[in-house]
Amino acid sequence: MPSTTTAPETDPSKTVVEEVTGWLRLYSDGTVERLTPPGAEPFTVIVPPYTEPRNGVTVHDVTTARGVDVRLYLPAEPPAAAPRPRRRRPLLLHLHGGGFCLSRPSWALYHNFYAPLAAKLDVAGIVSVFLPLAPEYRLPAAIDAGHAALLWLRDVACGDEGNLDPAVERLRDEADFSRVFLIGDSSGGNLVHLVAAHAAAKDDGAGADLHAVRLAGGVLLNPGFAREEKSRSELENPPSLFLTEDMVDKLLALGVPLGMNKDSPYTSPSLVAEAVARLHMPPMLLVVAEKDLLHDPQVEYGEAMARVGKTVETVVSRGAVAHVFYLNFFAVESDPLTAERTRELIDTIKTFIDRY
């Protein structure tokens, strides 16, 4: 495998063969240098796990026997004197964004949304997957990692995981594994669809592959669907810190298998829908931001899924909100519109989960 070590820019034997401005350089020897553009530093800070509750949540990093690492966001345990809830609650499996090439679940970017979300939703917890990154590990590597995380949940549900971390024991005892929801941001939204399709394709009709685990739904938050021919929204909507035209063009090209482009069954809204026409897919919640560069391909995905008979609820966040606006915690704190749209987003997710 190519090395992931940061490549020194002074090495005369290395030349840059691809660069995503401010975020990534790919060198001629296959090494990759991941960068942080000015203004993004607070979002890429690593938040360590913690077992003492903060704002009603604890955070735990777990290495699974399935070859994937996960981060658990668990609502804090009730006081010893308080009665424990008897009913099991649904579980979210989170697939992070980054154009298949960037970011980690431990970044403050995700922590500052998903930790509070675990407290606000009536869920047993949120499991976030540390995905393999392209171009070192191109698709379908991230899909395989998402499926491995589902198999790990199956192991936990069935008591096959062996010696459990206390946090995982809590998850086993409190989660309703028949109500697992996939949730993902940006390219992680693509993965919600792709992991669900992968699970459906492996299912023999009796749920044999996942056994005790049932995918009850998927939540695609501003997914990274795009085509080679640029959409109107890509041409007219302004770029943002988290999505530029350069990122759309280059990150997705680096994420898909060699020889493919954005007109691929991983990124093209029509092709991803056509590929699941004969599969039993869970209901999907599609959330679109009005000023997202990828607004139009996202809407196209919802329409294409409807044409092949799949259940997709499309909700548009109106106004001057751009790609993954809800992850920009500075804007959520300082801009009334972003704060209101984020509250609406959380309410929409809660309603969708409660429905299924």
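**The core, a buried helix and the sheet**

In this predicted model, the largest nonpolar core comprises 114 residues, and those with the most contacts inside it are Leu72, Tyr114, Leu150 and Leu153. Helix H2, spanning residues 141-158, supplies the largest share of this core, with 10 residues.

Tyr114 illustrates how contacts bring together residues from separate parts of the sequence. When residues up to four places away in sequence are not counted, Tyr114 touches Tyr73, His94, Ile126, Ile183, Asp185, Leu221 and Leu327.

Helix H4 (residues 187-202) may be considered next. Its 16 residues reach 22 Å from the first C-alpha to the last, close to the 22 Å expected at 1.5 Å a residue. Because 13 of the 16 residues of H4 are buried, this helix is largely enclosed by the rest of the structure.

The sheet remains to be described. Three strands, in the order E1-E2-E3, form an open sheet with antiparallel pairing. Strand E1 (16-20) and strand E3 (32-34) are the edge strands, each pairing on one side only. From one strand to the next, the twist averages 10°. Strands of a sheet pair through backbone hydrogen bonds, either parallel or antiparallel. Here, E1 and strand E2 (residues 24-27) pair in the antiparallel sense over four bridges; Val20 has Leu24, in E2, as its bridge partner. Helix H6 (residues 245-255) packs on the sheet and touches E1 and E2. The direction of H6 makes about 130° with that of E1.

Conventions. Residues are numbered from 1 along each chain as its sequence is written. This is a predicted model: local features need pLDDT of at least 70, side-chain atom pairs count only at pLDDT 80 or more; totals for chains, interfaces and linings use all residues. Side-chain values use heavy atoms; hydrogens and water are left out. Two strands pair if DSSP finds at least two bridges between them. Helices (H or I, at least four residues) and strands (E, at least two) are DSSP runs, numbered from the N terminus. Axes are lines fitted to C-alpha atoms, for helices over the stretch in contact, and angles run from 0 to 180 degrees between N-to-C directions. Contact means heavy atoms within 4.5 Å. A nonpolar core is a set of buried Ala, Val, Leu, Ile, Met, Phe, Trp, Tyr and Cys residues joined through side-chain atoms within 4.5 Å. Buried means under 20% relative accessible area, exposed over 50%, partly exposed in between (1.4 Å probe, protein chains only). The expected span of a helix is 1.5 Å times one less than its number of residues.
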